[in-house]
Amino acid sequence: MTPFIAKLIERGCVTVNADSALETVVDMLVEWGIGTVVVVDQSMQVLGILSERDIIRHVSARKTLAGIVAQDLMTAKVITVDQQVTSSELMHLMTENRIRHVPITKGNKLVGIVSIGDVVKRMLEKYERETELIKQFINS
């Protein structure tokens, strides 16, 4: 596991149950300042993922959150990665599948989540470090 992934796992991940009321999910998104929650069962297996976009699409079409639960709007076909994934692999996976969040799993159990912002930040740090090393080499 890379230090990058270890840091993401240490940070944790906001989760909800499949039967969580959509109003509760919205409150959690606002409270935590995040755009996505992972829907899990009692054993932390990933059942789905629910984003702000999913909720906005529903509100636009139906105009109400009443009586709706996470399972009703979540994306059930979730792309996940294990702890051995690299930032370059994540960038490729997210770009190819046009997704912005990927749950990190260990033995089918959720251990963290990575966002496209996390990956971009990591890639920029990597390139800045490489640029600095090249500058040092040239100047020595």
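Reply: Start with Arg57, which counts as exposed at 54% relative accessibility. The cut-off for exposed is over 50%. This is a predicted model, and every value here is computed from it.

Arg57 forms a salt bridge with Asp54. The closest N and O atoms are 3.7 Å apart. The distance cut-off is 4 Å, so the pair counts as a salt bridge. Asp54 is buried, with a relative accessible area of 15%.

An α-helix has 3.6 residues a turn, so residues three or four places apart point the same way. Side chains of opposite charge can pair when their charged atoms come close.

How many salt bridges does a search of the whole structure find? The search finds 2. Asp118 and Arg11 form a salt bridge too, with closest N and O atoms 2.8 Å apart. Asp118 lies in helix H6 and Arg11 in helix H1, so this pair ties together parts that are 107 residues apart in sequence. Asp118 is buried, at 15% relative accessible area. Arg11 is partly exposed, at 46%.

Now follow Arg11 into its helix. H1 spans residues 3–11, and Phe4, Ile5 and Leu8 are buried in it. Seen down the axis of H1, the buried residues fall within an arc of 95°, so they line one face of the helix. The face turned away from that buried side carries Pro3, Lys7 and Glu10, which are exposed.

What covers the buried residues of H1? The cover includes helix H5 (87–97) and helix H6 (116–139). It also includes strand E5 (101–106) and strand E6 (109–115). H6 therefore meets H1 in two ways: it is part of this cover, and its Asp118 bridges to Arg11. After H1 comes Gly12, whose phi is positive, near 90°.

Phe137 counts as exposed at 66% relative accessibility. Ile138 counts as exposed at 62%. For scale, Phe137 and Pro3 are 134 residues apart in sequence and 25 Å apart in space, C-alpha to C-alpha.

Strand E3 covers residues 46–51. E3 belongs to an open sheet of 3 strands. The order is E1-E2-E3, and the pairing is mixed. E1 (15–16) and E3 are the edge strands, each pairing on one side only. Strand E2, residues 36–40, pairs with E3 in the antiparallel sense over 5 bridges. Within that pairing, Val40 stands opposite Val46 in E3. Strands of a sheet pair through backbone hydrogen bonds, either parallel or antiparallel.

To recap the two bridges: Arg57 pairs with Asp54 at 3.7 Å, and Asp118 pairs with Arg11 at 2.8 Å.

Note on methods. Residues are numbered from 1 along each chain as its sequence is written. This is a predicted model: local features need pLDDT of at least 70, side-chain atom pairs count only at pLDDT 80 or more; totals for chains, interfaces and linings use all residues. Side-chain values use heavy atoms; hydrogens and water are left out. Buried means under 20% relative accessible area, exposed over 50%, partly exposed in between (1.4 Å probe, protein chains only). Helices (H or I, at least four residues) and strands (E, at least two) are DSSP runs, numbered from the N terminus. The arc is that of the directions from the helix axis to the C-beta atoms. Contact means heavy atoms within 4.5 Å. A salt bridge is a side-chain nitrogen of Lys or Arg within 4 Å of a carboxyl oxygen of Asp or Glu. Two strands pair if DSSP finds at least two bridges between them.
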